[in-house]
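Look at the ligand site first, then at a few local details of the chain.

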Amino acid sequence: MTELAKVAHAMVAKGKGILAADESTGTIEKRFKGISLENVEQNRRAYRDMLFNTPKLGSYISGVILYDETIRQKGLDGAPFVELLAKNGILPGIKVDAGAKDMALCPGEKITEGLDGLAKRCQEYVKMGAKFTKWRAVITIGRDIPSAACIWANAHALARYAAICQATGLVPIVEPEVLMDGDHTIERCEEITEWTLNAVFDSLYNQRVSLEEMVLKPSMVISGSECSRQAGVKEVAERTLKVLKRAVPAAVPGIAFLSGGQSDELATAHLDAMNKLGGGPWALTFSYGRALQHASLHAWKGQTANVTGAQAALAHRSRMNGLAATGQYSGKAEAEYGKAA
Ligand code: 13P
């Protein structure tokens, strides 16, 4: 196995998943607003310091995705975050896209930017200790969208990004997110997710990306958040697995889902249901941002006195998702924490 393939396998190791803590300064502002905390460097650093110092985090978390500011920061004890993570057996990763921007001539759709100068930035991140990268493409479902123009431009950018990362010695997380916003049905989400994944793997092939040395980070096939019929856990799991089996080659070592605005426990239940069904050739795990951090952020509230409780909340969600990654999650495991807390 190549070094990159080993890293990709470690990212989706049995019972472990990825913590997405790569919120840009603009996105973390939205999260901090929820706890009425000022979005300044000192608070962002204290927040990430709280998360990354969670005891036993490495038992459930294989890697953490960082933001450019964070990978350059030191924890409150003065040691760089990258070193702290490595000490806890956690692989440091880095978001390298420059964000999803309005796409020309495609109203209501986005194209992710950031390919210019990417090879050079990746070289710097390798020197800082990063082992993997992330690039998020966004596909919006609405009236007459997505367009083929949007799907293929985003797939092409994802593939160019993945090729550049592999050439620099980094494992790319390829993230095509079909947004859950809107009143579309689960059937429509299924159709668009299948189209998107087919375009992504076609583009990855054309750009000579090594499938053994990447991780796919897709959204699940779910009902639009405003849809009057909300599909149940079993249906979400079955439809998601069906699409993945059709579109994702067996050479890909692992699939790590995003949570995309699902509630914490639903994101866990969906992953668990897929692993209980099983039958796919790849590992199925999580790479959640909100669904891992939400409870912890709200327990923390920016107060040093709340650090222990906030870390317990992150450890709990990480453990529940670790169980879900092997199909061993249960309401009982979820409730035990409630009693202990
Ligand atoms: P969510 O799980 O909050 O969707 O975040 C995952 C992520 O990394 C989005 O790019």
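Thirteen is the count to start from: of the 13 residues around the ligand, the nearest are Lys 134, Lys 217, Ser 259, Gly 260 and Arg 290. Keep in mind that this is a predicted model.

By class, the shell around the ligand has six charged residues, four polar ones and three nonpolar ones.

| Residue | Protein atom | Distance to a ligand oxygen atom |
|---|---|---|
| Glu 175 | polar side-chain atom | 2.9 Å |
| Lys 217 | polar side-chain atom | 2.6 Å |
| Gly 260 | polar backbone atom | 2.7 Å |

How much of the ligand does the protein cover? On its own, the ligand has 300 Å² of accessible area, and the protein covers 91% of it. The space that the ligand takes is the largest pocket. Which elements give two or more residues to the shell around the ligand? They are strand S6 (132-139) and strand S10 (283-288).

Next come the aromatic rings. A pair of such rings is described by the distance of the centres and the angle of the planes. The model has six aromatic pairs. One of them is formed by Phe 32 and Trp 300. This pair is tilted, with 6.4 Å from centre to centre and 50 degrees between the planes. Phe 32 belongs to helix H2 (residues 25-33) and Trp 300 to helix H11 (residues 290-300), so the pair ties together parts that are 268 residues apart in sequence.

Two backbone details remain. Most peptide bonds are trans, and most residues other than glycine have a negative phi. Against that background, look at two places in the chain.

The peptide bond that joins Ile 145 and Pro 146 is cis, with omega at about 10 degrees. Pro 146 sits in the loop between S6 and helix H7 (148-168). Strand S6 also gives two or more residues to the shell around the ligand.

Lys 56 is not a glycine, yet its phi is positive, near 65 degrees. Lys 56 lies in the loop between helix H3 (41-52) and strand S2 (61-66).

Note on methods: Residues are numbered from 1 along each chain as its sequence is written. This is a predicted model: local features need pLDDT of at least 70, side-chain atom pairs count only at pLDDT 80 or more; totals for chains, interfaces and linings use all residues. Side-chain values use heavy atoms; hydrogens and water are left out. A residue is near a molecule or strand if one of its heavy atoms lies within 4 Å of it. A polar contact is a pair of N or O atoms within 3.5 Å; within protein, one must be able to donate a hydrogen and the other to accept it, and residues adjacent in sequence count only if both atoms are side-chain atoms. Accessible areas come from the Shrake-Rupley method with a 1.4 Å probe; for residues, only the protein chains shown count as cover. On a 1 Å grid over the protein atoms alone, a cavity is a set of points where a 1.4 Å probe fits but cannot get out, and a pocket is an open set with protein on both sides within 12 Å along at least five of seven lines; lining residues have an atom within 4 Å of a point. A molecule sits in a cavity or pocket if more than half of its atoms lie within 2 Å of its grid points. Helices (H or I, at least four residues) and strands (E, at least two) are DSSP runs, numbered from the N terminus. Ala, Val, Leu, Ile, Met, Phe, Trp, Tyr, Cys and Pro count as nonpolar, Asp, Glu, Lys and Arg as charged, and the others, Gly among them, as polar. Rings of Phe, Tyr and Trp (its six-membered ring) pair if their centres lie within 6.5 Å; planes under 30 degrees apart count as stacked, over 60 as edge-to-face and the rest as tilted.
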